[in-house]
Amino acid sequence: MNIYVVQPGDTVQGIAMKTGVSEESVVYVNQLVYPYNLAVGQALLLLGERQTQNAMIPGLEPAVLQQGSVKPVKSINGYAYPFISQWVLDQTLPYLTSLSVFSYSFTVQGDLVPPEVNDTRLIESAVNAGTNPILTLVPLDSTGRFNNYLITALINNSEARANLTANLLRTMQEKGFKGVDVDFEYILASDRDEFTSFVRELTNTMNSRGYTVSVALAPKVSADQKGLLYEGKDYAGLGAAANSVLLMTYEWGYTYGPPMAVAPISHVRRVVEYALTEIPAEKIDLGIPNYGYDWQLPFKAGETRARTMGNIEAVQQAIAVGAEIKFDETAQSPYYTYMNGGDLHEVWFEDVRSMRAKFELIKEFNLRGAGYWHIMQLFRANWLLADSTFNIKKG
């Protein structure tokens, strides 16, 4: 499997002739859109014919079996909302070991609040694909925002905790979930230890019934890191309490922040290196973003709002505006600029080069696996690259 960076004057036909890979494979693997124009600097994943044929038929053996001393990583999770396209879901599930359905919330009394859109389709699709459906538990209020009052009210009330656990067990049994993912954000520092206790109790109960518990962790680089995202998360305590953790190693570049890579590898590495001082590698999943942002410049704090976009969409926009895609070697991330109506824009997104850098980090530290936020848009080349790296495609 090779990565080819488009040069000036390149065409799909020319690349196929130069590399020995068929035009059909280049188009299919990289989701090119007719008339198959390319952007200078665009990264293409090139597969041989047999690999491409296998990729087009879900359920076949992995396209490439990774050999070597590094143990294959087999835990690949993806988050999805219940309204995900069935086509995208079907295309992605063969590469996932678990699917986190986003999301279930709860009341201060511990009553479970299901997603507005019925999630039965996702659960059944996951089970049919041999993928474990996971219930994602999130403290969202009626406006759909994270609410730390809900967290405080729940974890400091033993009756509410017991009621929520009972409701979770009943729902999981009725719907066929295989585990719970606890994604609590903005936890107050004063609730830190009680939150850890809640996760420990939940894990003990769930494990006794055959279910797993994972917990999402904000990307800390030290135990005493300040900030509402960090102070309520005890890496060591939660790492010991849960079966696994997800490092949310993304959103450095975000909607209201200045233009930069969503998950610069230099920042991601610092989080992983700290996490490993508190949590065993075999419990850690690396968070990976499946999206990018488009900022209008100049950036104005409190005013600028970046537009979220899929990775394939970002490339298609670069082609449409004639932008050259560049690659930041420090962040290991692609980006470009373009003009629109007299306004300068800057776009950062993910491609197979940036994904490869994250996969190499997982291999370097022998982490448990990866967790994608989110899988709502198909990024086929990513899944094929992950498959070749970690041998995850299920037969």
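A residue is called buried here when its relative accessible area is under 20%, exposed when that area is over 50%, and partly exposed in between (1.4 Å probe, protein chains only). The model is predicted, so local features need pLDDT of at least 70 and side-chain atom pairs count only at pLDDT 80 or more, while totals for chains, interfaces and linings use all residues. Residues are numbered from 1 along each chain as its sequence is written, and side-chain values use heavy atoms, with hydrogens and water left out.

The pLDDT, the predictor's confidence in each residue on a scale from 0 to 100, has a mean of 93 over the protein chain, and 93% of the residues reach 70 or more. Residues 59–72 fall below 50, and this stretch has 28 contacts in the model beyond near neighbours in sequence, a contact being heavy atoms within 4.5 Å.

Charged side chains come next. A salt bridge is counted where a side-chain nitrogen of Lys or Arg is within 4 Å of a carboxyl oxygen of Asp or Glu, and the structure holds 14 of them. One joins Lys175 to Asp119, with 2.7 Å from N to O. This pair links distant parts of the chain, 56 residues apart: Lys175 belongs to helix α7 (residues 158–175), whereas Asp119 sits in the loop between β5 (112–113) and α5 (120–128). Helices (H or I, at least four residues) and strands (E, at least two) are DSSP runs numbered from the N terminus. Lys175 is partly exposed, at 31% relative accessible area, while Asp119 is buried, at 1%.

Two other salt bridges can be viewed together. Glu350 and Lys358 meet at 3.0 Å, N to O, and both of these residues are buried. Asp351 and Arg353 meet at 2.7 Å, N to O, and both are likewise buried. Elsewhere, Arg161, Glu194 and Glu201 are linked in a network of salt bridges.

Turning to the rings, those of Phe, Tyr and Trp (its six-membered ring) pair if their centres lie within 6.5 Å; planes under 30 degrees apart count as stacked, over 60 as edge-to-face and the rest as tilted. The whole structure contains 21 aromatic pairs. Phe102 and Trp373 form an edge-to-face pair, with 5.0 Å between centres and 70 degrees between planes. Phe102 is buried at 10% relative accessibility, and Trp373 is buried at 19%. Tyr291 and Tyr293 also pair edge-to-face, at 5.6 Å centre to centre and 80 degrees between the planes; both are buried. Phe102 and Trp373 belong to one aromatic cluster with Tyr79, Tyr81 and Phe83.

The final topic is the nonpolar core, a set of buried Ala, Val, Leu, Ile, Met, Phe, Trp, Tyr and Cys residues joined through side-chain atoms within 4.5 Å. The largest has 102 residues, of which Phe184, Phe195, Phe198 and Tyr372 touch the most other members. Leaving aside neighbours within four places in sequence, Tyr372 has contacts that include Ile76, Tyr79, Ile288, Met355, Phe359 and Trp383. Another core, of 12 residues, lies apart from the largest one and has Ala323, Tyr336, Tyr338 and Phe349 among its members.
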